Amino acid sequence: MEKTLVIIKPDAVKRGLIGEIIKRYEAKQLTITKMMMLTPSRDTLVKHYAEHEGKSFFENLLAFMMSGDVVVMTITGPNAVAQVRKINGATKFLDAEMGTIRGDYGVDITANLVHGADSTDSAKKEIDIWFGL
Ligand code: RTP
Ligand code: MG
């Protein structure tokens with residue numbers, strides 16, 4: 001069993017896609033084991049996106065993530081990290097295959113609907129950051 005951290009980003013919440021997105025994880029027999037809704041603070045986001053600090057898109061990304069409510073979840077199941085990233089699709093919507101969340105709904109590089117931790121190590125850190133609040 002593996003655990004990962006998923007965020008439904010503000011664009012997806014505003015577009016009314018929470019149910020549609022959760023349905024896709026559950027359809028692959030992944031289990032939502034924790035869930036909360038909040039507008040993230042800058043502090044939390046700086047920790048969450050530490051690997052991107054200094055990059056050209058960093059401030060833009062933080063402003064976007066603070067623009068509204070997000071849904072933060074832990075998702076549990078076999079290969080949860082890789083399964084979630086496959087369901088989410090490639091970062092850039094034009095590269096994301098149809099049938100993935102970003103392929104089906106993505107129209108913007110920054111506002112790309114979902115986040116999924118990229119390794120079990122990242123997942124552990126991110127779960128601490130969000131659920132250790
Ligand atoms: P995520 O962390 O959200 O699951 O996405 P990812 O691993 O596929 O992408 P990552 O490289 O970690 O980038 C984090 C988020 O930053 C925004 N981004 N904007 N303007 C740009 O060139 C750019 N590049 C990345 C996206 O919101 C991306 O998901
Ligand atoms: Mg990432």
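In strand β4, Gly116 is the bridge partner of Val6. Strand β1 (residues 2-8) and β4 run antiparallel and are joined by 3 bridges. Two strands pair if DSSP finds at least two bridges between them. Strands (E, at least two residues) and helices (H or I, at least four) are DSSP runs, numbered from the N terminus. The model is predicted: local features need pLDDT of at least 70, side-chain atom pairs count only at pLDDT 80 or more, and totals for chains, interfaces and linings use all residues. Residues are numbered from 1 along each chain as its sequence is written, while chains are lettered from A and ligands numbered from 1 in the order in which they are written.

The open sheet has 4 strands in the order β2-β3-β1-β4, with antiparallel pairing. Its edge strands, β2 (31-38) and β4 (114-116), each pair on one side only.

His115 lies in strand β4. UniProt (unreviewed entry) places the feature "active site" at His115; such annotations may be inferred rather than shown by experiment, feature names are shortened, and positions follow the numbering used here. His115 counts as buried because it has 21 C-beta neighbours inside 10 Å (buried: 20 or more other C-beta atoms within 10 Å of its own, with C-beta atoms placed from the backbone). Leaving aside residues up to four places away in sequence, His115 touches Val6, Ile7 and Lys9 (contact: C-beta atoms, placed from the backbone, within 7 Å).

Conventions
Buried ≥ 20, exposed ≤ 12 C-beta atoms within 10 Å, placed from the backbone. Contact = placed C-beta atoms within 7 Å.
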